[in-house]
Amino acid sequence: MRLFFAIIVCKLLRLIGKLVGKGSSLPGKYALKLCPDALGRVKLPEYIIAVTGSNGKTSTVEMIAAILRRAGKTVVYNQEGSNQIEGVTTLILCNSTLGGKMRGDVLLLESDERYARLSFRFFHPTHFVITNLYRDQLTRNGHPEWVYNAIAPAIHPDTTLVLNADDPLVSCFARDHGRVKWFGLEKCSISTADHRGMYHDGARCPVCGGKMDYDYYHYEHIGAYTCPDCGHRRRTPDFAVTDLDLAAGRLTIDGETEIALAFRSIYNVYNILAAWSVCSLAGVEKGLMASVINNYILKNGRMVQFTLGGRRGTLLTSKHENSVAYDTNLAYIRAAGTPCAVLVIVDAISRKYFTGETSWLWDIDFNQLNCQSVRQVVLCGKYVNDLALRFDFTDIPPEKIARFDTVAQAAEALRDSGEEELYVVTCFSDRDKLLSLVQLDQ
Amino acid sequence: MELTILHLYPDMMNLYGEYANVAVLRRRLEALGVAAAAEEVPCGGRPDLSGADLIYMGAGTERKQKYALEALCPWREDLRAAVDRGAVLLFTGSAMEVLGTSVTDASGRVWPGLGLADFTTVETEKRTPVDVVATPTLWEAPAVGFMNKCSLTHGVATPLFSALSLGFGNEADHGAEGYVSGNVFATHLTGPVLVKNPDFGDLLLRRLFAQKGWDLPETLPELPHQRAAYAVTLEELQKRSGG
């Protein structure tokens, strides 16, 4: 009976919330007060797929939903990104019958890495995809091992883990867990013998602290690792990208299925592979999966194209406080090789909370912009001095670097000078400050 | 003029861009006509501390801090000898904790510390990631930065900062923070502390020059943008601290 009322209250509050434009966590919050174990009482569908990790959650979930829907399944997922327990409760109860049965074939959840434990107290995913663990918003998250310790208790023995084999910390989740499927990228054109990046979070084994050996790196600490001391090593993937040509925008899965990349970033490769792996485990046929993700253009707006004066522009959303996100976008700009200007904005470090913490700037490999195609680097925002100081410790010639206090000043200067392409690298917290000044593509 | 900076265990203890402390210090030394050699010492084996003028260690995760501590413990007398001859020690973030007599981890296990200072540290389940504005005991301008700790440090008689208007001190909110004794400096501030606080850098330069017996100019050369960056961060943080 409590569940019945909780569902009614949740649906009602959601309806009112939608009318007045409020977020999706409040209805769940009140429903949980009425029936604290509501999530344990609802009858859930056969497949419950959760995705967590530092980077790539939203994109991966979007592609999983697209594939499963094309396969004819009804997918319920938290598209609005409310990924903590209240939002998850709203999602499930609003999609349930008054009798307490969730409608749909698949419940798909983007799960906040720190709060997964709370969401999965009363039910557990059938499949749990963990994409990667990086330095990400350390001002909130502590550090990757702290996040690992927060996720670990959320894992139920009956859950099939779908893990990134190339991430030495993520692969630790497989220890003492029976049901594991691996995805990974085999040695390919982007692999290098030497580590790249400003810091090496894979230098030491996450299990025993021993010095790790790498056969090759794909980027940062992602690659093929072995610990000579305890034997912790990359496992052979069940699902693999066996060939990758980023420049040509093409990858091959399991040696047979070729996929074209709409966005030629290493991120996109892993996100596609993660989506492919879990959909395959859910029984979707290869040809159908390929037809959906071939040239798939993400709808989550992480990449925005626009015009500013005589310039064509591309905004690459890069989370502040997340150096890997920056590094992959800088690598993308460098690989594109087109003569360009690059605008870096650091004005508000977060849109959700205040912090003045800027040490993450030193974790980003800005030296990647020291190449011929990058003709000018423009820095702006409240933290422009921190940026300028950081850039003084790269090899980029000082005459290529310009500084402006505000985004408006930087945009004006770029509008009035040159016609090279413009790449903008910044975070959700700052991007609209520029996008409000440009002409967006339709 | 030449001196040597030893960066201890950057492969274990470099969680927040700490290498920048060494980079910034080196550049400031170069501007003073000093050729500063910087050597990165990976974790494991006996580090050669005999020629070091400045020994630096940055922050690590709780687990990596223990590996670093275990690796360094056998060589604590080498470290003590370096301190006794006047070398400057700077341990930031969770590296501060290893200088004390012990670190008790969240499971209750007691890890013997290096014993160079007589404080003890106890880890807590709760993590405190927070911006910091601190009142220094050895220089005027407030220090700014960030800390990301899950521990309480007890028994510090000579803190580096007398109080914090923003942040969590050694054992209390807004309380005294860090540790200083002679040329040994420690603070739980993480990351590029010397990038964010030019005055702290000034102090270390003075100590290094005094230690070497070199004359130091009255006004020290500054890095472009550094003071401006400091001023913005201080202003933003003070809006939040009511200071």
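Start by selecting A:L343. Beyond its neighbours within four places in sequence, A:L343 is in contact with A:V378, A:A410, A:L414, A:L422 and A:V424. Contact here means that the C-beta atoms of two residues, placed from the backbone, lie within 7 Å.

Before moving on, some ground rules. This is a predicted model, where local features need pLDDT of at least 70, side-chain atom pairs count only at pLDDT 80 or more, and totals for chains, interfaces and linings use all residues. Residues are numbered from 1 along each chain as its sequence is written, while chains are lettered from A and ligands numbered from 1 in the order in which they are written.

Now select residues 266-281 of chain A. Helices are DSSP runs (H or I, at least four residues), numbered from the N terminus.

**Two domains of chain A**

Colour residues 43-93 + 103-293 as domain 1 and 303-440 as domain 2. These bounds come from an automatic or database domain assignment. The domain centres, taken over C-alpha atoms, are 28 Å apart. Where they touch, domain 1 brings 19 residues and domain 2 brings 16. On the domain 1 side, look for α7 (138-141) and α9 of chain A, which each give two or more residues.

**Across to chain B**

Show both chains. Their contact takes 28 residues from chain A and 33 from chain B. On the chain A side, α12(A) gives the most, with 4 residues.

Which residues of α12(A) and α7(B) meet? A:N385, A:D386 and A:L389 face B:Q226, B:A228, B:A229 and B:V232. Select the whole helices next: α12 (384-391) of chain A and α7 (226-241) of chain B. They pack at an angle of about 145°, with axes 8 Å apart. Axes are lines fitted to C-alpha atoms, for helices over the stretch in contact, and angles run from 0 to 180 degrees between N-to-C directions. By class, the residues of this contact are 4 nonpolar, 2 polar and 1 charged. Ala, Val, Leu, Ile, Met, Phe, Trp, Tyr, Cys and Pro count as nonpolar, Asp, Glu, Lys and Arg as charged, and the others, Gly among them, as polar.
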